[in-house]
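Here's a quick tour for anyone meeting this structure for the first time. Have the model open as you read, and follow along topic by topic.

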Amino acid sequence: MPIPRRALVAAAVALVLPLSACGSGDSGGSTDASGKIEGDITFQTWNLRANFKPYFEGVVADFEKKYPGTHVKWIDQPAEGYADKISADAAGGTLPDVVNVSPDLVAPLAKAGLALDLDKSAARYKKEYLAGAWAGHQVPGMTGTYAFPWYLNTGPLFYNKSLFEKAGLDAAQPPTTYDELFTDALRLADKSDGKVATLANVPTIEDFGRYGVELMNKEGTAFSFNDAKGVQLLTKYEELYDAKALDPQALTATPESSGKKFLTGAVAMNPGSALDLGNFKKQAPNLYKNIGITDQITSTGKVNMYVMGVMVNARTKHTPAAVAFAHFVTDAQNQMSFAKKVAIFPSTAGSLDDPYFTKEDGTDETRVRVAAAKSLKNAVNYTPVLFSEQMKTALRNEIAKALQGKQSPRTALDNAVKACDTLLRQQG
């Protein structure tokens, strides 16, 4: 399963879709989902078979029992290369009827006319979902919603209490603002002679969002994260990098490598989810004994939310069955059942009020789950839907040059915005 708390893999699907797909009136399918629910459809998930085979086989069996004239073929694709696989299927006309997507995967498909607009075809279901989750698969510059919201995730910041104490910091009072974070990080680096960094990753687009930077104009036609606030954040990170308060290997870090640094005590703070606590217990008992849990740091009062969705192929030959199945997978009962098998959260309205997400039992796992569920009610998916994998790379490359002193933070962000705007025009 793609780790939901991480920025999910983005696609450059639009660059390889045949031009004939864009704005084509010949959809090969129907947008009318009101007919009889019958026919053979294919459902594709994203690296879920290994851990959840019985669950999905049960969902498929329940659906086929409810609608005897249907047959669902479930296929699962590996996490590696998932965006490329969707890209190839879209270009070749072999996209499955129902597809597990993230917002950045759905955007180019919607632009190419391959994602069914649920505001037209399934509006009656909208009220069943959290408003923010339903909006998660809307595309700037387009009207419509292009996937059912499925599972959500967010998580706290974990910190190593013993590292805080060694630096003379109060482990019971972790940083709650960016100013406190930067101050504590410099102190930790100074007291450990540069051996302990507080952060392991360079800022991503979502970090700029959490800091309060306006990432994009409202029309979805240009990026704007090179404003004064954006420059201020990158300037702070440059200061951390110079002081070794940001890990020296942050320029090439992956979520896995950052996690290992946290496990070994080379990094004092790391984002995570309830899923990680079991790993800490097993792999690093000493860390688990000293684990601190605090909220995500944000200047906006809203934490970051990751959204997964289930899209219906606009060219399916069995629209009523495909829409019914996508809704079935993401209805309250099936989402709740899935959420109890893995540390994720349902996007259905009212589900987060279930005692499973509101009642503490004294364990850290439950504490994390309850806190995360509460924060999700007004959480935001900061990563713009139109922010592609290539844009992430362009931003990361320019940030690396700024941290290494090869250019100023202002120049770095100006160059990144210019590169991302060029890529955005190519998408359209």
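This is a predicted model: local features need pLDDT of at least 70, side-chain atom pairs count only at pLDDT 80 or more; totals for chains, interfaces and linings use all residues.

Before anything else, a word on naming: helices (H or I, at least four residues) and strands (E, at least two) are DSSP runs, numbered from the N terminus.

- The side chain of Asp 247 gets to the backbone nitrogen of Gln 249, at 3.0 Å.
- Setting aside neighbours within four places in sequence, Asp 247 is in contact with Ala 197, Leu 199, Ala 200, Tyr 241, Lys 261 and Val 267.
- Lys 244 also sits in the loop between α9 (228–242) and α10 (255–263).
- Lys 244 isn't a glycine, and yet its phi is positive, at about 65°.
- With a relative accessible area of 43%, Lys 244 is partly exposed.

**Another positive phi**

- Asp 193 belongs to the loop between α7 (178–191) and α8 (205–210).
- Here's a residue other than glycine with a positive phi: the value for Asp 193 is near 55°.
- Asp 193 counts as exposed, since its relative accessibility is 65% and the cut-off for exposed is over 50%.

**Helices α17 and α18**

- How do these two helices pack? Helix α17 (residues 389–403) and helix α18 (residues 409–427) have axes 9 Å apart and meet at an angle of about 165°.
- That angle makes α17 roughly antiparallel to α18, because angles over 145 degrees count that way.
- As for handedness, the crossing of α17 and α18 is right-handed.
- On the α17 side, the contact is made by Gln 390, Met 391, Ala 394, Leu 395, Glu 398 and Ala 402.
- On the α18 side, the residues taking part include Pro 409, Ala 412, Leu 413, Asn 415, Ala 416 and Ala 419. Also among them are Cys 420, Leu 423, Leu 424 and Gln 427.
- Sorted by class, the residues of the contact of α17 with α18 come out as 12 nonpolar, 3 polar and 1 charged.

- Helix α14 covers residues 332–339, and its buried residues are Asn 334, Gln 335, Met 336, Phe 338 and Ala 339.
- What covers the buried residues of α14? The cover includes α1 (49–66), β4 (148–153), α13 (319–329), β9 (345–346) and α15 (355–358).
- Take α1 from that list: the axes of α1 and α14 come within 11 Å and cross at roughly 170°.
- So α1 is roughly antiparallel to α14.
- From α1, the contact uses Phe 52, Tyr 55, Phe 56 and Val 59, while α14 brings in Asn 334, Gln 335, Ser 337 and Phe 338.
- The contact of α1 with α14 has 5 nonpolar and 3 polar residues, and no charged ones.

- Thr 70 is part of strand β2 (residues 70–77), and at 8% relative accessibility Thr 70 counts as buried.
- The side chain of Thr 70 reaches the backbone oxygen of Tyr 67, at 2.7 Å.
- Beyond the four places on either side in sequence, Thr 70 is in contact with Ile 37, Glu 38, Gly 39, Phe 63, Glu 64 and Ala 321.
- Val 139 is in the loop between α5 (131–134) and β4. With a relative accessible area of 3%, Val 139 is buried.
- Not counting residues up to four places away in sequence, Val 139 touches Ala 107, Ala 110, Lys 111, Gly 144, Tyr 146, Val 385 and Leu 386.
- Val 139 and Val 196 are 57 residues apart along the chain, and 41 Å separates their C-alpha atoms.
- Asp 89 lies in helix α2 (residues 82–92). At 7% relative accessibility, Asp 89 counts as buried.
- Leaving out neighbours within four places in sequence, Asp 89 has contacts with Gln 44, Thr 94, Leu 95 and Pro 96.

Methods
Residues are numbered from 1 along each chain as its sequence is written. Side-chain values use heavy atoms; hydrogens and water are left out. Buried means under 20% relative accessible area, exposed over 50%, partly exposed in between (1.4 Å probe, protein chains only). Contact means heavy atoms within 4.5 Å. A polar contact is a pair of N or O atoms within 3.5 Å; within protein, one must be able to donate a hydrogen and the other to accept it, and residues adjacent in sequence count only if both atoms are side-chain atoms. Axes are lines fitted to C-alpha atoms, for helices over the stretch in contact, and angles run from 0 to 180 degrees between N-to-C directions. Angles under 35 degrees count as roughly parallel, over 145 as roughly antiparallel, 65 to 115 as roughly perpendicular and the rest as oblique. A crossing is left-handed if the near helix is turned anticlockwise from the far one by less than a right angle, and right-handed if clockwise. Ala, Val, Leu, Ile, Met, Phe, Trp, Tyr, Cys and Pro count as nonpolar, Asp, Glu, Lys and Arg as charged, and the others, Gly among them, as polar.
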